[in-house]
Structures are given as C-alpha cells and as structure tokens.
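Biologist: I have the viewer open and want to learn how to read side-chain features. Can we go through them one by one?

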Amino acid sequence: RLGRAVDQVIGRINFNLRLSAFIGGLIVLSLTSCDGSPETHLRKTIASQTTGVIHLPVGAIGISSELTLAPGAHDLEIDGAGTVLRALDNFHGRAILVAEGAKRIRFRDFTIEGNRRSQPLEMAPPENYFRVWYPNNGLLLDRVDGLEISGLKLANIVNFPILVSRS
C-alpha cells in the first residue's frame with residue numbers, strides 16, 4: 001500500500017523503507033534511519049566501541065551534550081574526514097568530546113566547533129582543577145595514556161580547545 005512503512009533490520013542499523021510514490025510505472029522508495037538523529041547514532045557508537053576505528057560521518061553534526069568515549073577505550077582511532085562536531089546553542093557539558101582513563105587514542109581529520117555565545121569563565125580559584133571548573137571545552141582528556149592528534153581543527157571554543165588533566 002502506498003505510504004505503508006516497512007521496518008527492516010540491515011546489519012545493526014534499523015531502517016524505515018517507505019513507498020513514496022508510484023509515477024508512470026516507476027516505484028519510488030525512500031530509506032531513512034529509525035535510530036534517531038546523527039548525534040544519537042554517533043553518541044551510541046562512541047560510548048560503546050572500545051577499540052578499532054570509528055569513522056565519523058561526513059558533514060556537520062549538532063552536539064547537545066558531551067560525547068564520552070567508552071570506558072576502557074584503548075587502541076581507538078576516531079577518523080572524520082569532512083566531519084564537523086558543532087556545539088548547539090543549548091550545549092551542556094565539560095567538552096564536546098571527552099576521553100577518561102583511555103589508552104592509545106588517535107583523533108584524525110575532523111573539526112570541533114564550539115559555541116562562542118556562551119561566555120568564558122574567569123580564572124579558576126587555585127584550589128580547583130581546570131577539568132572540574134571549566135565547561136564548554138573542545139576536547140577533555142583525563143587520565144589518557146598515549147594520545148595522537150592530527151588534522152584536528154578547533155574553532156570558537158568557549159574555554160580551552162584541548163584540556164589535558166592527569167595524563
């Protein structure tokens with residue numbers, strides 16, 4: 001029937017296959033993801049994959065809260081030729097991308113774009129750690145052993161483009 005949705009599972013990704021039109025004997029189908037927004041899909045991938053390579057999708061992805069690497073991540077490469085991780089106006093978090101307790105992590109070829117509409121904080125009092133005091137950073141790397149960054153562009157970051165602590 002025209003417009004009837006058919007759910008399919010292709011690998012680990014759910015898709016919605018919809019008959020969009022029937023034009024002059026030609027069937028037009030549309031295929032859309034049922035897994036939510038690109039941010040939701042990326043968040044699930046980054047939070048669950050502990051090793052290997054994560055290929056970021058091409059294009060801009062709006063980020064509403066910090067993306068945190070999976071606990072115990074090691075020997076992990078995040079590669080994003082043509083990807084822009086952009087903080088949304090309502091972004092809330094310590095950094096757009098956070099790695100804690102990770103080993104041998106590589107970030108390659110993507111852009112992190114902050115939201116300069118937020119105001120930077122004044123200098124932290126001496127008894128505070130920067131990782132605790134300052135939100136809205138680009139990358140937060142806490143207790144990371146072995147890090148390689150290449151081709152990473154950072155723009156409009158409110159506080160620190162890269163904040164490294166206890167590493």
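Biologist: How many residues apart are E39 and R43 in helix α1?

Modeller: First the term: helices are DSSP runs of H or I with at least four residues, strands are runs of E with at least two, and both are numbered from the N terminus. Helix α1 covers residues 38–48. E39 and R43 are 4 residues apart in it, so about one helical turn separates them.

Biologist: What kind of model am I reading?

Modeller: A predicted one: local features need pLDDT of at least 70, side-chain atom pairs count only at pLDDT 80 or more, and totals for chains, interfaces and linings use all residues. Residues are numbered from 1 along each chain as its sequence is written, and side-chain values use heavy atoms, with hydrogens and water left out.

Biologist: What do the side chains of E39 and R43 form?

Modeller: Side chains of opposite charge can pair when their charged atoms come close. The rule for a salt bridge is a side-chain nitrogen of Lys or Arg within 4 Å of a carboxyl oxygen of Asp or Glu. E39 and R43 form one, at 2.5 Å from N to O. The whole structure has 11 salt bridges.

Biologist: Is E39 buried or exposed?

Modeller: Buried means under 20% relative accessible area, exposed means over 50%, and partly exposed lies in between (1.4 Å probe, protein chains only). E39 has 11%, so E39 is buried. R43 has 25% and is partly exposed.

Biologist: Which residues of α1 are buried?

Modeller: E39, L42 and I46. They span an arc of only 65 degrees around the axis, so they sit on the same side of α1. That arc is taken from the directions from the helix axis to the C-beta atoms.

Biologist: Which strands do the buried residues of α1 pack against?

Modeller: Packing is read from contacts, meaning heavy atoms within 4.5 Å. The buried residues of α1 pack against β4 (52–55), β5 (59–68) and β6.

Biologist: How do I read a salt bridge between strands?

Modeller: Look at the distance, then at where each partner sits. R106 and E77 form a salt bridge, with their closest N and O atoms 3.3 Å apart. This pair links distant parts of the chain: R106 lies in strand β7 (residues 103–113), E77 in strand β6 (residues 74–100), and 29 residues separate them. R106 is partly exposed at 26%. E77 is buried at 13%.

Biologist: Which residue meets R108 in a salt bridge?

Modeller: D79 does, at 3.4 Å from N to O. R108 is partly exposed at 27%, whereas D79 is buried at 12%.

Biologist: Which residues are linked in the network of salt bridges?

Modeller: E77, D79, R106, R108 and D109.

Biologist: What else is D79 in contact with?

Modeller: Set aside its neighbours within four places in sequence. D79 is then in contact with V53, I54, H55, L56, R108 and D109.

Biologist: How many aromatic pairs are there?

Modeller: Rings of Phe, Tyr and Trp (its six-membered ring) pair if their centres lie within 6.5 Å; planes under 30 degrees apart are stacked, over 60 edge-to-face, and the rest tilted. The count is 1. F107 and F110 form an edge-to-face pair, 6.3 Å centre to centre with 75 degrees between the planes. F107 is buried at 0% relative accessibility, and F110 is buried at 2%.

Biologist: Which residues form the nonpolar patch on the surface?

Modeller: Patch residues have over 30% relative accessible area and no salt bridge; like charges are joined within 9 Å, nonpolar side chains (Val, Leu, Ile, Met, Phe, Trp, Tyr) within 5 Å. Here L147, I149, L154, I162 and V164 form the nonpolar patch, with about 360 Å² of accessible area together. The elements that give two or more residues to the patch are β9 (145–150) and β11 (162–165). V164, in strand β11, is partly exposed at 47%.

Biologist: How many helices and strands does the protein chain have?

Modeller: It has 2 helices and 11 strands. Their order along the sequence is β-β-β-α-β-β-β-β-α-β-β-β-β. Of the 167 residues, 34% are buried. Among contacts with a separation of 6 or more, 59% join residues 24 or more positions apart.

Notes
Accessible areas come from the Shrake-Rupley method with a 1.4 Å probe; for residues, only the protein chains shown count as cover.
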